[in-house]
Amino acid sequence: MWSSRQILQVPTVVRARSDQQYVCPVAREDIIQTVLSSLLCVEAPLHSCTVSLLLDDAFPKGPDPRSSTRILSGLAKQQHALGATFSVLDWHRQHKYELNHYHFSAVIDACAKACRWRRALQVFSVMAQCKVQGNTVVFSTAISACERAGEWQKALEISSVMAQSKIRSNAITFNAIISACEKGGE
């Protein structure tokens, strides 16, 4: 088995800035691209321990929220990367790194693209457990996951929770609900 160092060669460019050290933004983009490439280059599903090692090496002090969003969004674009997407989310939760609605939206979107609407709703529930407030995008993404599966009743339930939470719907939300009902024959 390869070590994470063999799989991931993370470029580190650290510059001094007064009494702090920071990673140069260009280096951060390199790190993000290297992590994404490493997670996506393996055809077999990655074990969560391997994902943890990759992320620990890439972000020894923890990722900034934008880097996390870019990694999760990059994984969400690939239907075959759902396992890695969950491993990245779990890594954040285990290390108690910041999670926000952007992160959950990306994971729910990954579930929707992989036609895994039940998993999308599980992630939606985990978001509440993590005390992350959903927004229009997160709710619309969850509704869209149900819409793709023709689960119009679940889409309406999420819409109801959205209204109770006083989160405004938009055209995407309404279109997803209408499409879900249409697909469900309602």
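This is a short walk through one predicted model, from the overall layout to single residues.

Some ground rules. Residues are numbered from 1 along each chain as its sequence is written, and side-chain values use heavy atoms, with hydrogens and water left out. Since the model is predicted, local features need pLDDT of at least 70 and side-chain atom pairs count only at pLDDT 80 or more, while totals for chains, interfaces and linings use all residues.

Layout first. The chain has 10 helices and 2 strands. Helices (H or I, at least four residues) and strands (E, at least two) are DSSP runs, numbered from the N terminus. Read from that end, the order is α-β-β-α-α-α-α-α-α-α-α-α.

Now the totals. The chain has 186 residues, and 45% of them are buried. Buried means under 20% relative accessible area, exposed means over 50%, and partly exposed lies in between (1.4 Å probe, protein chains only). The accessible surface comes to about 10700 Å². Carbon and sulfur atoms own 51% of that surface. Those areas come from the Shrake-Rupley method with a 1.4 Å probe; for residues, only the protein chains shown count as cover. Next, contacts, meaning heavy atoms within 4.5 Å. Take those between residues at least 6 apart in sequence: 66% join residues at least 24 apart.

On to helix 5, residues 82-95. How far apart are its end C-alpha atoms? They are 20 Å apart, and this agrees with the 20 Å that 14 residues should span at 1.5 Å a residue. The expected span is 1.5 Å times one less than the number of residues. Helix 5 has a set of buried residues, among them Phe86, Leu89 and Trp91.

Stay with two of those. Tryptophan 91 is buried, at 1% relative accessibility. Serine 52, in helix 3 (residues 48-58), touches Trp91 and Gln94, leaving aside residues up to four places away in sequence. Serine 52 itself counts as buried, at 16% relative accessibility. Then Phe86. The charged end of arginine 119 sits over the ring of phenylalanine 86, 3.8 Å from its centre. The test is that NZ of Lys or CZ of Arg is within 6 Å of the ring centre and within 35 degrees of the ring normal.

What follows helix 5? Lysine 96 does, with a positive phi near 60°. Most residues other than glycine have a negative phi. Lysine 96 is found in the loop between helix 5 and helix 6 (101-113). It counts as exposed, because its relative accessibility is 73%. Cysteine 115 also has a positive phi, near 60°, and is not a glycine. Its place is the loop between helix 6 and helix 7. At 62% relative accessibility, cysteine 115 is exposed.

Next, aromatic pairs. How many does the structure hold? It holds 2. Tryptophan 91 and tyrosine 97 form a tilted pair, 5.0 Å centre to centre with 55° between the planes. Phenylalanine 124 and phenylalanine 139 form an edge-to-face pair, 5.0 Å centre to centre with 80° between the planes. Here is the rule: rings of Phe, Tyr and Trp (its six-membered ring) pair if their centres lie within 6.5 Å; planes under 30 degrees apart are stacked, over 60 edge-to-face, and the rest tilted. Phenylalanine 124 lies in helix 7 (residues 117-129) and phenylalanine 139 in helix 8 (residues 136-148), so the pair ties together parts 15 residues apart in sequence. Both phenylalanine 124 and phenylalanine 139 are buried.

Last topic: charges. Side chains of opposite charge can pair when their charged atoms come close. The structure holds 4 salt bridges, each a side-chain nitrogen of Lys or Arg within 4 Å of a carboxyl oxygen of Asp or Glu.

Arginine 70 meets glutamate 29 at 2.3 Å, N to O. That pair links distant parts of the chain: arginine 70 is in helix 4 (residues 65-76) and glutamate 29 in helix 2 (residues 25-41), 41 residues apart. Arginine 70 is partly exposed at 38%, and glutamate 29 is partly exposed at 31%.

Lysine 183 meets glutamate 147 at 2.8 Å, N to O. Lysine 183 lies in helix 10 (residues 171-183) and glutamate 147 in helix 8, so this pair ties together parts 36 residues apart in sequence. Glutamate 147 is buried, at 11%.

Finally, glutamate 157 meets lysine 154 at 3.8 Å, N to O. Both lie in helix 9 (residues 152-164), 3 residues apart, about one turn of the helix.
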